[in-house]
Amino acid sequence: MLYGAMKLSVGGALKLAFRPWVEGLENVPAEGPAILASNHLSFSDSFFLPAVLDRKVTFIAKSEYFTSPGVKGKLTAAFFKGVGQLPVDRSGARGAGEAAVKSGIAVLERGELFGIYPEGTRSPDGRLYRGKPGGLARVALATGAPVIPVAMIDTEKVQPPGQVVPKMIRPGIRIGKPLDFTRYLGMEHDRFILRSVTDEVMYEIMKLSGQEYVDIYATAAKRRIAETAKRQAEDAKRQADDEKAGSGGTVAAEGGEDTGKGNRSDGA
C-alpha cells in the first residue's frame, strides 16, 4: 500500500520532471524472482529505476537511514520504507555483505525483484569499478534467480554530490537480458565461482553503460582520492606558510635596511 502510494507520488514526479528514457524493459519478467544488478552513479539510482518499472523492486540501505532520532529521522525512515528500501546493519565481522545476502534471499524467496549494486558503493568519478563477489553472486547462486544487468546513464549529472538542487538533465536506463547462473547452483561458497559470476555481470553492465572499467574496488579508489586530496591540501598549506614566512622575512630585512640608512643620515 505505502509502496504503491510512494511510487505514484515520488515515481510519478521523477518521471514527469526528468523524463528518463528506458531501453530493455521487456527483459524484466512480469512475475517471479529476479536480481537487478546495476552500476551506481548517484543516490537517485534507487529511485529512478523503480520509477520506470511496473513491479516493486527492493534495494538495501544502511540502517542509519531508519534509526535517526527526531521528526526528521522518522520521516526519513518512513520515506525509505515507502520506496522499498530494506535496512542493513553494517556492524559485525561480515558487515553489510552478510546482511545483503540474507536480505536478498528473503526478497527473492517471496518471488519479488531484488536490486543490488555490485560495486558496493557509488562510483567516485563516473567510471565502473570491480564488483564485489560477496553479495550479488552469493544471492544468485543460493536462489537460482536470474541476474538482470542494468546501466544507469547520467544520473550522477542530475544531482552531483554536495548539490542540493538537482539539474534538469534527462537520465537513461538500459536493461540487459537476464543471465542464468543455475549451472553453479549451490556453489555460493566457492570463491572462484563467485568471482567468475561477478565479473560476467560487470562485463555486461560495462557493455550497457559504456563506462570505462577500472579493475579495483570503488572503496579503494575513494580512499586514494581522499588521500590525494589530503596531501594536496597539506602541500598547499605548507606552501602558503612558507610564502608567508618568506614575506615576513623580506619585510623585516627591508625594515632593517631602512633603519640603517636613517642612522647614517643622522650621523652625517
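Modeller: Helices (H or I, at least four residues) and strands (E, at least two) are DSSP runs, numbered from the N terminus. Residues are numbered from 1 along each chain as its sequence is written, and side-chain values use heavy atoms, with hydrogens and water left out. This is a predicted model, where local features need pLDDT of at least 70, side-chain atom pairs count only at pLDDT 80 or more, and totals for chains, interfaces and linings use all residues.

Colleague: OK, where is Asp 154 found?

Modeller: Asp 154 is in the loop between β7 and α7 (155–158). Its phi is near 65°, a positive value in a residue other than glycine.

Colleague: And what about the phi of Arg 19?

Modeller: Arg 19 isn't a glycine, yet has a positive phi of about 45°. Arg 19 sits in the loop between α1 (2–18) and β1.

Colleague: Do β1 and β8 run parallel or antiparallel?

Modeller: Parallel: β1 (residues 21–23) and β8 (residues 172–175) are joined by three bridges. Two strands pair if DSSP finds at least two bridges between them. Glu 23 has Arg 174 of β8 as its bridge partner.

Colleague: How many bridges join β7 to β8?

Modeller: Four, and β7 (residues 147–153) runs antiparallel to β8. There, Met 152 has Ile 173 of β8 as its bridge partner.

Colleague: Switching to helices: at what angle do α6 and α8 pack?

Modeller: Helix α6 (residues 136–143) and helix α8 (residues 191–209) pack at about 105°, with their axes 9 Å apart. Axes are lines fitted to C-alpha atoms, for helices over the stretch in contact, and angles run from 0 to 180 degrees between N-to-C directions. So α6 is roughly perpendicular to α8 (65 to 115 degrees).

Colleague: Which residues of α6 make the contact?

Modeller: Leu 136, Ala 137, Arg 138 and Leu 141 of α6 do, against Ile 193, Leu 194, Val 197, Thr 198 and Val 201 of α8. Contact means heavy atoms within 4.5 Å.

Key. Parallel < 35°, antiparallel > 145°, perpendicular 65-115°, else oblique.
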